[in-house]
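Subject: Structure handover

Hello,

Here is the structure for you to look through. My notes on it follow below.

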Amino acid sequence: MSVLIIIDQTENQIKKSSYEALTYGVSVAHQLGTNADALVLGTVKDNLSELGKYGIKKVYTISNTILNIVDAQVYAAAIATATTETGANILIFSHNQTGKAVAARVSARLQAGIVTGACSLPDTTNGFVVKKTVFSGKAFANVSINTPIKIIAINPNSFHTSFKEGIADVSELNITVASPKIKVIEVNKISGEVPLTEADIVVSGGRGLKGPENWGILLDLAKELGAATACSRPVGDAHWRPHHEHVGQTGVQIAPNLYIAIGISGAIQHLAGVNRSKVIVVINKDPEAPFFKAADYGIVGDAFEIVPQLTEAIRKINTNA
Amino acid sequence: MKILVCISKAPDTTAKISFKDSNTKFEEAGVQWIINPYDEWYALVKAIELKEQDTNTTIHLITVGESDCEPIIRKALALGGDEAIRINVDSNDSYYIAAQISEVAKNGNYDLVLTGKETIDYNSSSIGGMLAELLDMPYISLATRVEVEGNTAKVSREIDGGEETAEVKLPLVVSCQKGVAEQRIPNMRGIMAARTKPLKVSEPITVTALTSIVNFDLPPAKANVKLVAADNVAELARLLHEEAKVF
Ligand SMILES: Cc1cc2nc3c(=O)[nH]c(=O)nc-3n(C[C@H](O)[C@H](O)[C@H](O)COP(=O)(O)OP(=O)(O)OC[C@H]3O[C@@H](n4cnc5c(N)ncnc54)[C@H](O)[C@@H]3O)c2cc1C
């Protein structure tokens with residue numbers, strides 16, 4: 001019996017969301033009085049014994065370069081074999097792009113019940129119950145996993161990482177990796193930008209900004225805060241901003257520490273994608289905009305005047321810090 | 001080409017979310033049901049586009065749900081699709097649902113199985129992956145573009161901070177999101193035609209669900225917003241820095 005945390009990488013580096021999964025998995029192991037181990041697929045540059053700092057005892061690797069690309073079929077087979085070989089009975093994924101591709105496949109393969117979008121540690125007082133977000137963040141469901149092997153895919157940005165001292169044992173698992181059926185022909189990374197789902201701070205604009213030519217003030221603010229940028233659906237639909245920036249019920253769902261909404265009315269479908277943000281700031285010229293009801297801080301006023309002043313005020317604080 | 005599109009019903013995006021029976025069941029009273037937007041706007045419309053390019057294409061729709069799903073499956077048929085199958089059972093367990101669909105799909109010789117990237121009610125994002133595993137097919141999740149030429153699909157998908165494009169031989173399972181296609185409105189001809197399109201109802205096979213919902217919670221009510229005057233913007237920066245400590 002042990003907890004196995006599946007580590008995900010991008011460009012040979014462990015992702016932030018995987019560190020969250022590590023911290024979560026170690027807490028689960030503590031709760032159950034068992035060990036937490038990590039499984040690293042593909043080749044990464046990180047010093048893996050350092051994962052011990054997170055409370056990991058063993059790091060298993062399958063250092064096959066085929067795994068540097070996520071082919072869900074190949075991944076699921078490798079992870080399922082690793083689960084059997086290591087005797088793990090709880091698998092932890094991040095519910096990020098890789099988790100969404102792979103975790104459900106592993107569930108079907110191992111007949112292991114899965115909870116995706118998990119937002120709490122399991123409650124083991126009566127069975128094994130995990131809380132997850134449902135209705136696009138408007139509610140939570142407590143889901144009981146009723147199988148011997150259990151899979152949890154945690155919401156990115158829902159758990160803080162924490163670490164102390166420690167060194168993990170690193171050992172290679174001798175697992176045959178199938179050849180992929182997916183042939184990647186092109187990768188387009190939006191370089192220099194913070195990925196939206198992993199960002200601590202997100203600055204987002206709506207139709208209130210009137211047109212793509214006005215995005216400069218928003219980008220300046222985002223730059224000062226080291227934030228990712230997002231937008232409302234009509235803004236994406238009108239191609240003012242790339243569609244991957246569209247957040248909401250039918251776009252990307254995010255949970256940053258700080259979400260700044262500029263010229264966005266706060267329609268229920270928009271809120272559904274951002275209401276898990278820890279702090280919401282709304283800048284809108286309409287005091288009746290529904291977004292104010294979901295906000296922690298707000299300014300009623302013209303974005304074109306407020307936003308540059310806010311950027312300036314933040315810059316002052318940042319330079320004095 | 002033969003395409004199977006998985007269709008789920010979902011509560012209208014403006015529906016009030018509340019629960020009944022000591023918070024163990026979703027309160028359906030007064031809720032309008034729609035086709036799950038990802039299934040409709042992206043998966044179904046993509047299938048229709050592929051059929052427009054190659055009229056030799058057959059589109060089957062499948063839904064797992066009780067008779068209250070009929071209006072949405074008829075609406076899906078009105079948009080496009082040649083026939084529909086409804087598995088007459090209601091479930092919240094993704095594996096149970098995927099196993100029902102796989103039972104139909106494995107005998108259907110489908111080249112392409114399309115799903116939405118998630119449903120807007122349970123947000124599990126699991127059916128496509130489970131289905132692909134049960135059918136032993138490759139799976140591309142979170143697709144933003146799908147093209148088919150001969151027996152090869154060219155699919156772009158969302159990856160961390162970008163997009164990746166891959167080629168895959170059919171058969172294939174794809175979960176679709178924004179970018180794959182554009183929303184369409186059913187026209188009168190489609191609505192009339194849908195009335196006579198076959199809608200087959202089958203009973204479920206025996207499958208053991210792997211999970212069960214114990215109950216639901218609603219998030220705690222948000223405290224009132226703290227408003228800062230428009231002529232005192234620096235105060236907002238101070239609050240975010242010193243009180244909220246978010247930068
Ligand atoms: C099925 C369905 C799914 C949907 N999914 C999504 C989704 O995922 N995400 C999403 O965002 N939307 C979604 N929508 C659309 C949603 O209902 C709203 O229409 C949309 O969010 C509105 O975008 P907006 O706030 O940018 O624009 P508007 O509603 O037009 O709001 C613009 C706001 O800007 C303010 N404003 C104007 N000028 C200024 C100024 N100078 N300074 C400051 N403020 C100003 C206005 O007061 C107003 O509040 C969905 C709708 C449906 C039906």
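Start with Thr13(B). Setting aside neighbours within four places in sequence, Thr13(B) is in contact with Lys138(A), Gln249(A), Ile268(A), Gln269(A), Ile34(B) and Ile120(B). Contact here means heavy atoms within 4.5 Å. Thr13(B) sits in the loop between strand 2 (9-11) and strand 3 (19-20) of chain B. Helices (H or I, at least four residues) and strands (E, at least two) are DSSP runs, numbered from the N terminus. The relative accessible area of Thr13(B) is 12%, so it counts as buried. The classes are buried under 20% relative accessible area, exposed over 50%, and partly exposed in between (1.4 Å probe, protein chains only). The side chains of Thr13(B) and Gln269(A) make a polar contact of 2.8 Å. A polar contact is a pair of N or O atoms within 3.5 Å; within protein, one must be able to donate a hydrogen and the other to accept it, and residues adjacent in sequence count only if both atoms are side-chain atoms.

Some ground rules. This is a predicted model: local features need pLDDT of at least 70, side-chain atom pairs count only at pLDDT 80 or more, and totals for chains, interfaces and linings use all residues. Residues are numbered from 1 along each chain as its sequence is written, chains are lettered from A and ligands numbered from 1 in the order in which they are written, and side-chain values use heavy atoms, with hydrogens and water left out.

The A-B interface

In this interface, 85 residues of chain A are in contact with 79 residues of chain B. About 7000 Å² is buried between chain A and chain B, with 58% from carbon and sulfur atoms. Buried area is the accessible area (1.4 Å probe) that two parts lose on being put together, summed over both. Between chain A and chain B there are 40 residue pairs in polar contact (both at pLDDT 80 or more). The side of chain A that touches chain B has 40 nonpolar, 28 polar and 17 charged residues. For these classes, Ala, Val, Leu, Ile, Met, Phe, Trp, Tyr, Cys and Pro are nonpolar, Asp, Glu, Lys and Arg are charged, and the others, Gly among them, are polar.

Salt bridges

Side chains of opposite charge can pair when their charged atoms come close. The rule asks for a side-chain nitrogen of Lys or Arg within 4 Å of a carboxyl oxygen of Asp or Glu. Over all chains, the structure holds 26 salt bridges. Between chain A and chain B the count is 6. One pairs Glu167(B) with Lys183(A), with the closest N and O atoms 3.9 Å apart.

Asp237(A) and Lys178(B) form a salt bridge at 2.6 Å, N to O. Asp237(A) lies in helix 5 (residues 233-237) of chain A and Lys178(B) in the loop between strand 12 (172-176) and helix 5 (188-196) of chain B, so this pair joins two chains. Asp237(A) is partly exposed at 39% relative accessibility. Lys178(B) is buried at 10%.

Chain B has salt bridges of its own. Lys25(B) pairs with Asp21(B), the closest N and O atoms being 3.5 Å apart. Lys25(B) is partly exposed at 45%, and Asp21(B) is partly exposed at 45%. Glu147(B) meets Arg145(B) at 3.1 Å, N to O. Glu147(B) is partly exposed at 37%, and Arg145(B) is partly exposed at 32%.

Chain B overall

Chain B has 6 helices and 15 strands. Of its 247 residues, 55% count as buried. Helix 4 (residues 127-135) of chain B has 7 of its 9 residues buried. Among them are Met130(B), Leu131(B) and Glu133(B). Just after helix 4, Asp136(B) takes a positive phi of about 55°.

Chain A domains

Chain A is assigned domain 1 (3-172) and domain 2 (196-320). These bounds come from an automatic or database domain assignment. The C-alpha centres of the two domains lie 31 Å apart. Domain 1 and domain 2 bury about 1000 Å² between them, 36% of it on carbon and sulfur atoms. In domain 1, Ser136(A), Lys138(A) and Asn157(A) lose the most area to domain 2, together 50% of what that side buries. Across this domain interface the rule finds 1 salt bridge. The side chains of Lys16(A) and Asp200(A) meet in a salt bridge at 3.3 Å, N to O.

Best wishes
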